[in-house]
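Student: I have a protein model open and I'd like to learn how to read it. Could you walk me through it?

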Amino acid sequence: SRIMAGKVKWVTDIEKSVLINNFEKRGWIQVAENEDWNFYWMSVQTIRNVFSVETGYRLSDDQIVNHFPNHYELTRKDLMVKNIKRYRKELEKEGSPLAEKDENGKYIYLDFVPVTFMLPADYNLFVEEFRKNPSSTWIMKPCGKAQGKGIFLINKLSQIKKWSRDSKTSSFVSQSSKEAYVISLYINNPLLIGGKKFDLRLYVLVSTYRPLRCYMYKLGFCRFCTVKYTPSTSELDNMFVHLTNVAIQKHGDDYNHIHGGKWTVSNLRLYLESTRGKEVTNKLFDEIHWIIVQSLKAVAPVMNNDKHCFECYGYDIIIDDKLKPWLIEVNASPSLTSSTANDRILKYNLINDTLNIAVPNGEIPDCKWNKSPPKEVLGNYEVLYDEEMAQSDGPDRDLRSRSGQSTGVKGNRSRDSGKPVLTSWK
């Protein structure tokens, strides 16, 4: 499920034994090969080893890899929140209009991550926040796990005291000193369709961080829970109500193996346009794009922008009943496993289109090229943000957009010469 298909020879043509042997020897999987070049798809576990100074390994100009060395600055739950908080504070110090707050002290444009604390480090801060609203529900997640593993909901402080060695001093210590958790305010008013909770899985390709250039994949999908949602505290332990991960939902009695509990993003858009109207639907998707770009800008300064790297992220977005989108997490290795026939087609195209941008025209990879492929090779990708292009539009336009005069945040699509253009982040 983690293997990418190359341009020269599909991975299914390579014998399984060769793949396994290759993986064991090198720590990554060879995907495509001919006489001139190799293409590798690395796991998140091995990418650190490749760039480690201890290994002494150096990539040549014709080697391209599918992760940035410190991708975890965005894809670890705790580091993502930490970097977004730092980004907001820096903009505030600069006096940027993007960091503007309302009368309640909430960010107007940058409030897209639920209130989150790191545990054990922020335990006392969490308790202070919890006591302001004792009836609130919180979701607790281990920082380094995926597929819904280790996640649970709480609505009482006593429920996490088993993680504390000394509750008298309110000092939080996790059971394992190696495993950190994040605890976030649970979005308990999710938008429901058919009474069920869902989230969005969107694919975003980053070809370079400095300058930032990212692409949005048009064919994302919604993942639905199999059991109707209820905010009742009696159902806090029922993960089929609360967690949309397919790895969890596929074990439910009501899981449908034909559609896999999934809707395409285009179906969601049609549904929202018919029930809420086109204007608010456009506003919602503009805000989702805004969230993605701002999260990438937040980590860009700390990201090791190695010229050999690209990355396809899996963004998880939840929409509340006021049509406000929230960033839940970003995945470094979004699942390429097919759970349905449509899933297989989508992910096959995702792999193909990603490689067409990473290695245009199937030519020998060259990490020195400017990573700006022609439109005809983008497939189902569309340019979401191009920092070079934004800067070339001139400082006046950048200032206008940053001060909110561009109408993307408010939901209308700016137009230039009759063509839709990127909104507020532009």
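**Reading the sheet**

Student: In what order do the four strands of the open sheet come?

Tutor: The order is β3-β6-β4-β5, and these four strands pair in an antiparallel way to form an open sheet. Strands here are DSSP runs of E with at least two residues, helices are runs of H or I with at least four residues, and both are numbered from the N terminus. Two strands pair if DSSP finds at least two bridges between them.

Student: Which strands stand at the edges?

Tutor: β3 (116–119) and β5 (152–154) do; each has a single partner strand, so one side of each has no neighbour in the sheet. On average, neighbouring strands of this sheet are turned by 25° against each other, direction ignored.

Student: Before we go on, what kind of model is this?

Tutor: It's a predicted model: local features need pLDDT of at least 70, side-chain atom pairs count only at pLDDT 80 or more, and totals for chains, interfaces and linings use all residues. Residues are numbered from 1 along each chain as its sequence is written, and side-chain values use heavy atoms, with hydrogens and water left out.

Student: How many bridges join the paired strands?

Tutor: β3 and β6 are joined by four bridges, and Met118 stands opposite Val182 in β6. β4 and β6 pair over five bridges, with Trp138 opposite Leu185 in β6. Strand β4 (residues 138–142) is joined to β5 by three bridges, and there Met140 faces Phe152 in β5.

Student: Which strands does helix α4 touch?

Tutor: Helix α4 (residues 77–94) packs on the sheet and touches β3, β4 and β6 (181–185). Contact means heavy atoms within 4.5 Å. The direction of α4 makes about 130° with that of β3. For such angles, axes are lines fitted to C-alpha atoms, for helices over the stretch in contact, and the angles run from 0 to 180 degrees between N-to-C directions. Helix α5 (residues 123–132) lies across β3, β4, β5 and β6, at about 145° to β3.

Student: Is β6 mostly covered or mostly uncovered?

Tutor: Mostly covered: four of the five residues of β6 are buried. Buried means under 20% relative accessible area, exposed means over 50%, and partly exposed is in between (1.4 Å probe, protein chains only). Across the 426 residues of the protein, 52% count as buried.

Student: How do I read a link between residues that are 232 apart along the chain?

Tutor: Look at Val302 and Asn70, whose C-alpha atoms are separated by 8.6 Å. Asn70 sits in the loop between α2 (44–51) and α3 (72–75), while Val302 is in the loop between α9 (278–299) and β12 (311–319). A polar atom of the Asn70 side chain lies 2.8 Å from the backbone oxygen of Val302.

Student: Which of them is buried and which is partly exposed?

Tutor: Asn70 counts as buried because its relative accessibility is 10%. Val302, with a relative accessible area of 33%, is partly exposed. Leaving aside neighbours within four places in sequence, Val302 is in contact with Asn70, Glu73, Asn83 and Arg86.

Student: What should I look for in the backbone angles?

Tutor: Most residues other than glycine have a negative phi, and most peptide bonds are trans. In this model, a cis peptide bond joins Leu119 and Pro120, with omega about 15°. Pro120 lies in the loop between β3 and α5. The bond from Arg210 to Pro211 is also cis, with omega near 0°.

Student: Where is Leu323, and what is its phi?

Tutor: Leu323 is in the loop between β12 and β13, and its phi is positive, about 60°, although Leu323 is not a glycine. At 8% relative accessibility, Leu323 counts as buried.

Student: What gives the most to the lining of the largest cavity?

Tutor: α10 does, with three residues.

Technical notes: Polar contact = N/O pair within 3.5 Å; in protein donor to acceptor, adjacent residues only side chain to side chain.
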